[in-house]
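Colleague: Could you walk me through this model while I have it open? I'll ask as I go.

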Amino acid sequence: MSSESSKKRKPKVIRSDGAPAEGKRNRSDTEQEGKYYSEEAEVDLRDPGRDYELYKYTCQELQRLMAEIQDLKSRGGKDVAVEIEDRRIQSCVHFMTLKKLNRLAHIRLKKGRDQTHEAKQKVDAYHLQLQNLLYEVMHLQKEITKCLEFKSKHEEIDLVSLEEFYKEAPPDISKAEVTMGDPHQQTLARLDWELEQRKRLAEKYRECLSNKEKILKEIEVKKEYLSSLQPRLNSIMQASLPVQEYLFMPFDQAHKQYETARHLPPPLYVLFVQATAYGQACAHMKSSQPPRQDKTLSVAIEGSVDEAKALFKPPEDSQDDESDSDAEEEQTTKRRRPTLGVQLDDKRKEMLKRHPLSVMLDLKCKDDSVLHLTFYYLMNLNIMTVKAKVTTATELITPISAGDLLSPDSVLSCLYPGDHGKKTPNPANQYQFDKVGILTLRDYVLDLGHPYLWVQKLGGLHFPKEQPQHTVIADHSLSASHMETTMKLLKTRVQSRLALHKQFASLEHGIVPVTSDCQYLFPAKVVSRLVKWVTIAHEDYMELHFTKDIVEAGLAEDTNLYYMALVERGTAKLQAAVVLNPGYSSIPPIFQLCLNWKGEKTNSNDDNIRAMESEVNVCYKELCGPRPSHQLLTNQLQRLCVLLDVYLETESHDDSVEGPKEFPQEKMCLRLFRGPSRMKPFKYNHPQGISPGKKNSES
């Protein structure tokens with residue numbers, strides 16, 4: 001009953017969207033308002049605050065009514081149902097009020113959203129307009145910047161100065177009365193003058209081109225003539241070969257050599273040119289004929305010219321090899337990568353690589369012996385090396401002690417003092433060696449050759465030690481200044497070594513050869529004789545007890561040659577340790593003596609032994625003989641035999657010993673002793689005999 005009555009009491013609400021029907025559009029608004037009820041219109045008239053207060057009041061009334069209904073139901077009674085129904089009706093009215101307030105709230109919310117959406121659309125429209133305006137501003141700024149940065153083509157043209165323009169330009173172009181005050185007209189006038197000048201130059205350029213074409217045609221005609229002339233010249237050169245050989249003027253061979261010399265590296269080229277010039281100069285000094293090649297010095301080039309040309313060719317494009325590399329890729333991947341040691345060996349070989357071409361010098365001496373010198377150039381180290389070989393006209397019987405005299409490793413050692421050729425003269429090479437693990441060049445000189453300092457100078461190379469340079473340029477003047485001196489030293493070295501070679505052959509057989517020119521230096525009869533001549537090692541010489549003075553003085557270097565001589569007479573044995581400098585005979589040999597007779601006697605315990613050493617080592621000049629003093633060593637050995645005779649013959653005889661004197665006096669001596677030191681008469685004066693001379697007493 002209560003629900004049906006409440007349904008009957010619900011007010012009828014007629015909703016309208018605010019838009020009149022299509023058939024009633026012509027009616028007035030007053031008639032629509034009187035006939036329809038619109039909550040949307042009521043929302044605008046109602047106060048939201050009052051609605052909120054009404055909402056609160058309605059909720060409180062509902063709470064009160066519910067509480068009273070509950071209280072009435074709990075009490076029970078006949079009249080309670082009427083009161084409960086009455087309160088239920090009131091509660092329904094309040095519920096209707098809450099529903100209306102809810103609808104009004106939703107309508108307000110919808111209107112608020114619509115208003116917010118409209119405002120947002122207006123803001124978006126304004127923002128879009130702002131972006132359009134900013135883009136237009138940016139575009140205009142770019143256009144302004146382009147205009148400000150615009151550079152005309154005339155700014156790239158190097159125009160003549162204003163003074164030259166007004167001085168050289170004709171008045172109809174310069175228009176001084178107009179252009180002086182107007183920079184724009186002035187620039188236009190200068191451009192007109194520039195155009196006029198360029199037209200003139202273009203005309204002149206065309207004339208020059210026509211002249212060039214004429215000259216090229218003339219050159220082509222002359223080239224054709226010269227190309228036809230070349231075969232004729234070749235036939236003439238072939239016909240003149242016998243004449244060149246007869247007159248010792250090999251022009252054809254020299255021409256081929258100079259063609260090959262174009263591919264030499266700079267140091268070898270300098271050596272080739274200077275050596276050839278020196279040979280021609282020597283030949284011209286010997287005869288008044290035109291310059292020709294010296295017979296005693298021949299210069300030649302050896303090696304592969306094609307390989308030398310390949311060094312200067314630019315690397316070709318590898319595009320054609322890409323297909324081959326793809327086919328070989330599978331094979332290379334299967335191969336094992338080289339180890340670090342193999343890589344270092346390859347780097348060492350590349351660093352020590354020689355140029356394909358080399359220069360050969362054949363230096364002929366008076367006895368028809370020839371010194372063959374082969375000069376190489378190490379490209380990565382920028383130094384030159386040389387290999388030497390000595391050949392003789394007749395085959396030599398090499399004595400055992402002469403094994404190192406003509407050895408390629410030592411024949412040119414110390415040609416200049418201290419130049420042993422065991423280390424690189426270029427200070428920059430040491431940094432290169434450190435990268436590939438090379439300690440010193442000494443281990444490779446047998447294969448590469450010796451990098452002597454004089455070899456570098458002959459190639460025009462100079463390496464300053466104070467300021468090492470990575471690249472050194474070959475200098476012709478440096479090579480020319482050392483060429484003559486070095487050639488003379490080379491000849492002297494070969495002749496002295498060959499003379500020693502022959503002398504050692506006699507010394508090993510116990511014969512001391514003395515030439516007729518030096519016989520006057522010795523008495524007619526020499527009893528002591530040489531019984532042994534052998535070579536010894538540097539280490540063995542250092543260990544001898546009677547050579548300490550020479551070792552401590554620094555005269556026993558590893559570049560010297562060391563020999564041991566044994567001179568005997570009766571029971572007396574004299575050992576002589578000989579130091580032979582590579583610069584023999586300009587540097588005399590040094591003798592250290594040890595006499596085994598009645599005990600061991602050396603310069604430390606016997607003054608006469610020291611005097612004997614002084615006679616041989618200090619007074620060597622009188623033993624040099626005729627120049628070039630190649631007999632100095634044998635004369636010193638012969639003098640040593642004489643000194644041993646004098647030492648033994650002048651020794652006092654022990655009267656307690658019966659029998660004849662062991663060493664009878666066979667040489668005439670004016671005095672047996674002299675001075676408080678009781679020195680023996682070692683000085684020999686021809687023809688007086690042996691007597692204590694002035695030099696000996698002073699020494």
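Colleague: Which residue in S8 stands opposite Ala 577?

Modeller: Opposite Ala 577 stands Gln 592 in S8; strands here are DSSP runs of E of at least two residues, helices are runs of H or I of at least four, and both are numbered from the N terminus. This is a predicted model, in which local features need pLDDT of at least 70 and side-chain atom pairs count only at pLDDT 80 or more, while totals for chains, interfaces and linings use all residues. Residues are numbered from 1 along each chain as its sequence is written, and side-chain values use heavy atoms, with hydrogens and water left out.

Colleague: Over how many bridges do S7 and S8 pair?

Modeller: Strand S7 (residues 572-580) and strand S8 (residues 590-596) pair over 7 bridges in the antiparallel sense, where pairing requires that DSSP finds at least two bridges between two strands.

Colleague: And what is the strand order of that open sheet of 5 strands?

Modeller: The order is S5-S6-S7-S8-S9, with antiparallel pairing, and the edge strands, each pairing on one side only, are S5 (529-536) and S9 (600-601).

Colleague: Which strands does H22 lie across?

Modeller: Helix H22 (residues 607-617) lies across S7, S8 and S9 and runs at about 150° to S8; axes are lines fitted to C-alpha atoms, for helices over the stretch in contact (heavy atoms within 4.5 Å), and angles run from 0 to 180 degrees between N-to-C directions.

Colleague: Switching topic, which helix gives the most to the lining of the largest pocket?

Modeller: Helix H19 (residues 476-507) does, with 11 residues. Of the 44 lining residues, the closest to the pocket's centre are Thr 492, Gly 583, Tyr 584, Ser 585 and Ser 586. A pocket is an open set of points on a 1 Å grid over the protein atoms alone, where a 1.4 Å probe fits, with protein on both sides within 12 Å along at least five of seven lines, and lining residues have an atom within 4 Å of a point.

Colleague: Is Arg 497 buried or exposed?

Modeller: Arg 497, which lies in helix H19, counts as buried because its relative accessibility is 3%, and buried means under 20% relative accessible area with a 1.4 Å probe and protein chains only. Leaving aside residues up to four places away in sequence, Arg 497 touches Asp 404, Leu 405, Leu 406, Ser 410, Val 411 and Pro 582.

Conventions:
Buried means under 20% relative accessible area, exposed over 50%, partly exposed in between (1.4 Å probe, protein chains only).
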